[in-house]
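Here is a briefing on selected helices and residues of one protein model. Please keep the structure open while you read.

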Amino acid sequence: MNSPINKLAGGRYSVGQMIGTGGMADVYQGLDTRLNREVAIKVLRRDLAKDPAFVARFKKEALAAGGLNHPGIVAVYDSGEENDSPFIVMELVSGVTLRQLMQSTQISQHKSLEIIKGILQALDYSHNKGIVHRDVKPGNIMITDSGDIKVMDFGIARATDDIGATMTSTWNVVGTAQYLSPEQATGEVADGRSDLYSLGCVMYELLTGRPPFTGDTPVSVAYQHVSAQVTPASQIKPGLDVNIDRLLEVVLAKDPAHRYQDAMAMLADLEHVIKGEPVTTKIKKVIPRRRVITGSIVVISLLALLTFGYFATSPNGATVKVPNVVGLTEDEARALLKNFNVNIEKAPDAKIPINRVASQLPLATSDVSAGSSVTLTISEGPGNTTVPVGLIGLSLEDARYKLTSAGLLISQTIAVDSDQAPGVVISINPIPGTTITAGSGVVLEIASGNVQVPSLVGLNEIGAKTVLTQAGFLIREITAFDPSKPVGEILAQAPEGGATKTIGSIVTITINKN
């Protein structure tokens with residue numbers, strides 16, 4: 001995709017092809033013609049450039065990261081505004097994000113710890129400069145082609161003396177739910193210890209293949225960060241060093257006072273773990289502070305998040321249905337999703353034509369808040385793909401989306417007895433990391449459990465598929481034609497609505513098509 005702009009800053013920067021996109025900005029490859037240096041240029045999306053709140057946040061990113069000069073942090077060289085489009089000129093990094101690496105390969109324990117070490121060194125520097133990142137997650141960590149670690153995207157970073165940087169700010173975006181610190185989830189001020197908590201979540205996922213908390217909605221995940229106990233990593237991944245459990249117990253403490261108080265303290269213990277030495281930090285008993293910690297107040301706080309922008313609810317709290325954009329081009333999909341925050345991923349797909357939407361999350365017809373995020377996976381056409389890692393421990397619905405995003409299908413589920421919740425993925429075949437043809441099917445073993453089949457007759461095709469997917473069933477479809485019924489309506493189903501079946505089993509729907 002070519003840039004809508006060719007030159008910036010009076011012609012100093014030549015803008016090339018788009019190399020990345022996110023919820024707030026598009027990133028282009030560029031050239032600093034004055035210094036003859038390749039750069040990355042982040043341009044605030046035009047639909048957001050009219051919003052003073054987003055413009056202010058974007059400019060704060062340049063100010064926050066512009067003063068940071070560290071080999072572990074993606075450098076910001078320049079910033080400006082042209083034709084009402086703010087932009088940031090950054091170091092061009094060749095490599096992959098940690099998220100991409102985690103999806104494509106199994107990372108060893110030693111490599112995982114070295115990655116965390118590199119991130120800690122960068123955070124120690126930024127914290128000493130008075131800058132808290134506030135959105136530490138795998139998608140904001142780059143692994144360069146030479147193996148170096150670089151932290152990027154200080155888009156919601158704040159100076160530590162910015163006491164207004166809490167959840168109550170109407171434009172504040174505070175991070176990704178799976179890596180959100182308890183204090184961010186309840187609207188309190190985040191500091192360096194909040195970044196360490198988020199890094200602890202990343203470390204937990206690197207070592208076990210799953211985040212410490214998962215859930216059906218961002219709110220349910222945020223609630224767990226505030227109130228639920230973390231399962232020790234060694235129970236998820238047997239054989240892990242007990243010292244890793246002890247380190248994670250400290251960094252994932254609910255109360256910041258009971259965590260490592262700075263990055264160097266955590267780094268010291270991490271060095272002990274890497275060397276196979278005992279962790280020396282004394283683990284304090286976590287006694288919750290007198291803050292927003294009771295169930296009723298937590299609910300109020302999480303509802304406040306919905307009101308004040310993290311989950312991007314419309315001002316009146318109304319919900320809207322997500323339109324179906326599968327099969328459309330990115331531009332066509334964005335036009336239909338103009339009231340949503342669109343994130344783009346790409347993956348091979350054997351069935352969906354190249355540059356068309358292969359899948360979306362949330363599913364079409366889902367009820368969500370206006371302005372919330374929709375992730376689209378754009379087809380790269382036929383080709384090979386990799387069975388993603390990190391499926392074990394996910395719900396069937398989450399695993400299905402992760403596989404779909406990689407261009408794969410679930411061909412069969414096998415329910416097995418387990419102490420896990422019904423539908424949780426226990427094993428995958430082929431094994432994660434295997435390279436196979438896009439469009440292929442994988443077999444999942446899932447924890448057994450019975451669920452009720454929803455009633456589908458009379459629903460439209462998209463609605464029925466959404467309901468079945470969310471209920472944990474696989475779908476088989478056949479067609480028939482009844483001229484007295486609308487095209488696309490469900491004419492029949494088997495098993496019938498109300499029947500009790502094993503989660504992950506197949507429900508056949510008959511769709512009215514001419």
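R46 is partly exposed because its relative accessible area is 45%, and partly exposed covers values between the buried limit (under 20%) and the exposed limit (over 50%), with a 1.4 Å probe and protein chains only. This is a predicted model: local features need pLDDT of at least 70, side-chain atom pairs count only at pLDDT 80 or more, and totals for chains, interfaces and linings use all residues. Residues are numbered from 1 along each chain as its sequence is written, and side-chain values use heavy atoms, with hydrogens and water left out.

- R46 belongs to helix α1 (residues 46-49); helices (H or I, at least four residues) and strands (E, at least two) are DSSP runs, numbered from the N terminus.
- R46 and S85 are 39 residues apart along the chain, yet their C-alpha atoms are separated by 6.7 Å.
- G11 sits in the loop between β1 (7-8) and β2 (13-21).
- With a relative accessible area of 27%, G11 is partly exposed.
- From G11 to R34 the C-alpha distance is 9.4 Å, across 23 residues of sequence.

**E91**
- Strand β6 (residues 85-91) contains E91.
- E91 counts as buried because its relative accessibility is 18%.
- The side chains of E91 and K150 are joined by a polar contact of 3.2 Å. A polar contact is a pair of N or O atoms within 3.5 Å; within protein, one must be able to donate a hydrogen and the other to accept it, and residues adjacent in sequence count only if both atoms are side-chain atoms.
- Leaving aside residues up to four places away in sequence, E91 touches A40, I73, V74, A75, Y77 and K150; contact means heavy atoms within 4.5 Å.

**Helix α6 with α10**
- Helix α6 (residues 192-208) and helix α10 (residues 263-274) have axes that come within 11 Å and cross at roughly 30°. Axes are lines fitted to C-alpha atoms, for helices over the stretch in contact, and angles run from 0 to 180 degrees between N-to-C directions.
- That angle makes α6 roughly parallel to α10; the class takes angles under 35 degrees, and roughly antiparallel takes those over 145.
- L196, L199 and M203 of α6 make the contact with A263, M266 and L270 of α10.
- The contact residues of α6 with α10 are six nonpolar, no polar and no charged. Ala, Val, Leu, Ile, Met, Phe, Trp, Tyr, Cys and Pro count as nonpolar, Asp, Glu, Lys and Arg as charged, and the others, Gly among them, as polar.

**Helix α4 with α6**
- Helix α4 (residues 109-128) packs with α6 at about 170°, their axes 10 Å apart.
- That makes α4 roughly antiparallel to α6.
- Residues of α4 that meet α6 include I116, L120 and L123, and those of α6 include L199, V202 and L206.
- The residues of the contact of α4 with α6 divide into 12 nonpolar, four polar and one charged.

**Helix α14**
- E461, G463, A464, T466, L468 and T469 are buried in helix α14 (residues 461-471).
- The cover over the buried residues of α14 includes α13 (396-405), β23 (474-480), β24 (490-494) and β26 (506-512).
- At the start of α14, a side-chain oxygen of N460 comes to within 2.6 Å of the backbone nitrogen of G463.

Methods:
Parallel < 35°, antiparallel > 145°, perpendicular 65-115°, else oblique.
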